[in-house]
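Subject: Structure for you to look at, with notes

Dear colleague,

Please find the structure below, followed by my notes on what turned up in it. I would be glad if you read them with the model open beside you.

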Amino acid sequence: MTFDQMLERVRYEGAYPTRERAEEVVRAVLAALGRQLVGDERVELTARMPVEAALAFTSEIPCPDSERLTGWGFVKELAARTGGTAATTRWDAGAVLTTVAQLAGPELLTRVLAQLPSGYALLFGRAELTQAA
């Protein structure tokens with residue numbers, strides 16, 4: 001997938017009026033995700049992205065494990081950084097991360113979700129499954 005194709009997919013999924021708005025959202029969400037992922041999953045996901053997306057994703061230094069955000073925390077922090085509401089930011093994150101999920105493929109996405117705290121699966125378009133106590 002090229003960066004232009006990625007932007008068009010996000011523009012369609014997010015119902016954004018312009019390509020420029022879709023690009024703003026892609027860059028913001030990928031940078032925020034880049035702060036949350038480390039290790040092999042970060043490297044593999046970067047390799048599957050178009051170059052421009054990979055640069056946005058790797059533009060931020062990952063947080064230490066103690067500062068990792070839940071899915072809801074991710075949305076709230078992203079909203080604070082971008083000036084959006086929680087609802088619109090949730091929409092933005094979903095539009096971008098469902099496209100990232102397609103780039104990652106099921107096996108890598110499963111590993112990415114295993115690394116992240118709870119609450120990210122729905123952002124990537126997957127059901128959040130929890131084990132019974």
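**Salt bridges and what they join**

Arg19 is partly exposed, with a relative accessible area of 27%, where buried means under 20% relative accessible area, exposed over 50%, and partly exposed in between, using a 1.4 Å probe and protein chains only. Before going further, please note that this is a predicted model, in which local features need pLDDT of at least 70 and side-chain atom pairs count only at pLDDT 80 or more, while totals for chains, interfaces and linings use all residues. Residues are numbered from 1 along each chain as its sequence is written, and side-chain values use heavy atoms, with hydrogens and water left out.

The side chain of Arg19 meets that of Asp4 in a salt bridge (2.2 Å, N to O), a term that stands for a side-chain nitrogen of Lys or Arg within 4 Å of a carboxyl oxygen of Asp or Glu. Because Arg19 lies in helix H2 and Asp4 in helix H1, the pair ties together parts that are 15 residues apart in sequence; helices here are DSSP runs of H or I with at least four residues, numbered from the N terminus. Asp4 is also partly exposed, at a relative accessible area of 44%.

By this rule the count comes to 12 salt bridges. One of them joins Glu23 and Arg27, whose closest N and O atoms are 2.9 Å apart, and since these residues are 4 apart in helix H2, about one helical turn separates them. As background, an α-helix has 3.6 residues a turn, so residues three or four places apart point the same way. Arg27 is partly exposed, its relative accessible area being 34%.

Another salt bridge is formed by Arg35 and Glu77, with the closest N and O atoms 3.5 Å apart. This pair links distant parts of the chain, as Arg35 is in the loop between H2 and H3 and Glu77 is in helix H5, 42 residues apart. Arg35 counts as buried at 4% relative accessibility, whereas Glu77, at 24%, counts as partly exposed. There is also a network of salt bridges that links Glu41, Glu44, Arg48, Glu107 and Arg111.

Leaving out residues up to four places away in sequence, Phe124 touches, among others, Leu33, Leu97, Val112 and Leu116, where contact means heavy atoms within 4.5 Å.

Thr89 is found in helix H6 (residues 86–104) and counts as buried at 2% relative accessibility. Not counting residues up to four places away in sequence, Thr89 touches Val75, Leu78, Ala79, Thr82 and Gly84.

Asp92 is likewise found in helix H6 and, at 10% relative accessibility, counts as buried. The side chain of Asp92 makes a polar contact with the side chain of Arg21 (3.5 Å), this being a pair of N or O atoms within 3.5 Å, where within protein one must be able to donate a hydrogen and the other to accept it, and residues adjacent in sequence count only if both atoms are side-chain atoms.

Arg68 lies in the loop between H4 and H5 and is buried, with a relative accessible area of 15%. The side chain of Arg68 reaches the backbone oxygen of Gln36 at 2.7 Å, and beyond its neighbours within four places in sequence, Arg68 is in contact with Gln36, Val38, Cys63, Gln115 and Pro117.

Terms used:
Helices (H or I, at least four residues) and strands (E, at least two) are DSSP runs, numbered from the N terminus.
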